[in-house]
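Hi there,

Here is the structure I promised to pass on. My notes on it follow below; have a look whenever you get a moment.

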Amino acid sequence: MIAIAEGLILDETALAELHGGFRGEIVGRDDLTYDQHRKVWNGSIDRRPALIARCAGVADVIASVRLCRQHGLPVAVRSGGHSFPGLSVADDSFLIDLSLMKGVRVDPDARTARVQAGVLLGELDRETQAFGLAAPSGIVTHTGVAGLTLGGGIGWIMRKYGLSVDQLRRVDVVTADGELVKASADENADLFWGIRGGGGNFGIVTEFEFDLVPLGPTVMAGPILWAMEDSPEVLRFYRDWVADAPDELMTIVVHRKAPPLPFVPESLHGKPVVMVICCWAGDVEDGEQAIRPMKEFGNPVADVCTAKPFLAHQSMFDPSFPAGRWYYFKSCDVPGLTDEIIDTTVEHSLQISSPLTAFPIWQMGGAVARVGENETAFNGRNAGFTYNIGAATATAEGFDEEREWVRNFWSALEPHFTSVYVNFLMDEGEDRVRQAYGAQKYDRLKTLKRKYDPDNVFRINQNIPPA
Ligand SMILES: Cc1cc2nc3c(=O)[nH]c(=O)nc-3n(C[C@H](O)[C@H](O)[C@H](O)COP(=O)(O)OP(=O)(O)OC[C@H]3O[C@@H](n4cnc5c(N)ncnc54)[C@H](O)[C@@H]3O)c2cc1C
């Protein structure tokens, strides 16, 4: 018997057996790369797993799950490591790390892509855009496809083509028993329903298969900036402009101090601005015409909404969200941008202190809202806008103040909440997870959890305990 962490004892033979056939790498606390592999995106998370199993394939995942079951080890699962509250690493856990599983196979004729769990958004876009195709995903390229998709997946082309889960055809899942099963509309349909929004609660997804949609490769996209003091008028004009926008148009509004990025004129660096960031998933000329009214409103201080490769647009905001900074979020959906919500938004945005804080308001609707609320586990398809109030500091310094700003802003919006996107939750407890799914869907998910993971092996996540 050997102690692999405090209170965690493993029999030596079992560990030797795991090491024996393992194609990937098993990293323990004494290994030189341990600190590198236990790190996650949010720098405020500092957790020490007992062992990190860096899986190279499905067989490694199965062996890891079986070992954990036999020895009662707590299982953490990591793909891109971008969980806001760091739910892909836990102290004294057995961390099943899928980040080595990077396979992507695009079939341009069938317009499908098979994507392994360790693939990041930018890696998937690189492969699909080579054929002028895309799978709907998110807006920062270093985010993991796996965690993003399992929560739903909102991004630049969702209003035209739906959420990531709306273009999902099939998944391969290693269940809590260590068995590999497939789930699709035709096979284990209940599991497929739950996987499309229910996170990692039902098993470890080792491969996703997406339907791809035509996109670009050139799109009309980018931010238009105004001084933040103009935000009351900009937001009111914006609200009316997007009210009956075509599905091709997706927008995100960001309030922040202008970052020192190449697309921002130097004179603006550090000045509070409001940006309307557009992406037109269609013909570039149609996009130019559709976006013109917003470009012509008031006195923009910069306008970099132009025709560009979709890949360039996708990575445009990567520098604003690097790994290692201290991040904190609170989120909610609201039905629309009423005058009251706009006034609250402006009041709190003007109080942003950190130059690294940037919070998005997502325009929802379009194709997302046309899928029935009960067709997938994802909830909140009728949301008007999603607030993802996030704060960032370089280190612990100033973090508490910025976190307080997030909490105050979020509380001020509380009377308007309708739901919350599960992938935008911190570690906020069961009531908030229930709120994310709605009471009825939450009960259905709990019943499904009882079927696929009755012992709650997969509990280090936005957990849905078995009914
Ligand atoms: C910079 C940044 C930008 C973002 N942008 C967007 C966006 O545009 N749109 C959007 O919808 N969301 C966005 N998000 C939120 C994002 O969807 C979630 O953080 C998501 O969980 C990230 O997935 P990951 O694989 O990187 O996470 P991880 O931290 O690896 O995992 C997240 C959760 O999923 C579980 N999990 C991971 N992989 C698997 C698997 N293969 N099988 C089963 N369970 C698994 C983990 O155990 C954990 O509970 C963003 C997050 C960040 C940090």
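In this predicted model, a nitrogen atom of the ligand sits 2.7 Å from a polar backbone atom of Ile154, which I list as a polar contact (a pair of N or O atoms within 3.5 Å). Taken alone, the ligand exposes 950 Å², of which the protein buries 96% (Shrake-Rupley areas, 1.4 Å probe). Around the ligand there are 35 residues (a heavy atom within 4 Å), and those that come nearest are Val77, Ser79, Ser88, Ile154 and Tyr421.

I also looked at helix 15, residues 439-452 (a DSSP run of H or I, at least four residues, numbered from the N terminus). Its buried residues (under 20% relative accessible area, 1.4 Å probe, protein chains only) are Lys441, Tyr442, Leu445, Lys446, Leu448, Lys449 and Tyr452. Seen down the axis, they fall within an arc of 165 degrees (from directions to the C-beta atoms), so they line one face of the helix. Their cover includes helix 7 and helix 14 (contact is heavy atoms within 4.5 Å). On the other side of helix 15, Gln440 and Lys451 are exposed (over 50%).

Some bookkeeping: residues are numbered from 1 along each chain as its sequence is written, and side-chain values use heavy atoms, with hydrogens and water left out. Local features need pLDDT of at least 70 and side-chain atom pairs count only at pLDDT 80 or more, while totals for chains, interfaces and linings use all residues.

Best wishes

Key. Helix = DSSP H or I, 4+ residues; strand = E, 2+ residues; numbered from the N terminus. Expected span 1.5 Å × (residues − 1). Polar contact = N/O pair within 3.5 Å; in protein donor to acceptor, adjacent residues only side chain to side chain.
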